[in-house]
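Me: I would like a close look at one helix pair in the structure below, with its geometry and its contact residues.

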Amino acid sequence: MNPIEELSQVGKEVTECNLCELHFSRKNAVPGEGPADADIVFIGEGPGFHENEQGRPFVGAAGKFLDELLGKIGMKREQVFITNVVKCRPPGNRDPKPEEVGTCVSHYLERQLAAINPKVIVTLGRHSMGYFIPNVKIGDVHGQSFQVRGKLVIPMYHPAAALHQGSLKPVIEKDFARLPELIGKASQVNENAKQSPPQSQEPPQQLSLF
Ligand code: URA
């Protein structure tokens, strides 16, 4: 299967998925969207009210702010792939449970990432960060670069956090402003990873040179 076919196959499976209890309360599953050859994949937490209504990621207030952040670095949402660690809305916007994240990521997110093979993965908020870089605090590591299983991963605050706490707005804007430069540098990481393929158990490595 080519990447476009694989993404569409994952999307179909997500809409029919009943692997965890989140499928009972969802209106629409939200597989994610964007081009199969995107340089950047943004990974949020899970669909909220509006996403559950429309079946599309980041279409509420946080999504509007994400569009603005992209606009400030000269990018449009159509150029990036946007998805979440869990594809169905946790009822009442509760946190996704670790077993829900584990099931959804292994069945769907991992396949999306393998198909897209992006230069950079940006995690939005602590739930998606925790999957790639466990045991760190977002306040300590936001905007920094990590090599995780051969991929450049940059944890950032969730746009909704910046909407709730105004002081985080300039912080997330500053982290976003560095993305174009980091996409350029990511080619270097990907080259290095090709020369010495990462071991699957290799812990995240912080890249001090970035
Ligand atoms: N928040 C998320 O984490 N994901 C969405 O898709 C929308 C809001």
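At what angle do the axes of helix α4 and helix α9 cross, and within what distance do they come?

Reply: This is a predicted model. Helix α4 covers residues 61–72 and helix α9 covers residues 169–177; their axes cross at roughly 45° and come within 9 Å. An angle under 35 degrees would count as roughly parallel and one from 65 to 115 as roughly perpendicular; α4 and α9 are therefore oblique to each other. Their crossing is right-handed. On the α4 side, the contact is made by F65, L66, L69, L70 and K72, and on the α9 side by K169, I172, E173 and F176. By class, the residues of this contact comprise 6 nonpolar and 3 charged, with no polar ones.

Helix α1 (residues 3–16) packs with helix α5 (residues 98–116) at an angle of about 165°, and their axes are 9 Å apart. That angle makes α1 roughly antiparallel to α5. The crossing of α1 and α5 is left-handed, whereas that of α4 and α9 is right-handed. From α1, the residues P3, E6, L7, Q9, V10, E13 and V14 meet Y108, R111, Q112, A115 and I116 of α5. The contact of α1 with α5 divides into 7 nonpolar, 2 polar and 3 charged residues.

Key. Residues numbered from 1 in each chain as written. Predicted model: local features only at pLDDT ≥ 70, side-chain atom pairs only at ≥ 80, totals over all residues. Heavy atoms only, no water. Axes fitted to C-alpha atoms, helices over the stretch in contact; angles between N-to-C directions. Helix = DSSP H or I, 4+ residues; strand = E, 2+ residues; numbered from the N terminus. Parallel < 35°, antiparallel > 145°, perpendicular 65-115°, else oblique. Left-handed = near helix turned anticlockwise from the far one by under 90°. Contact = heavy atoms within 4.5 Å. Nonpolar A, V, L, I, M, F, W, Y, C, P; charged D, E, K, R; others polar.
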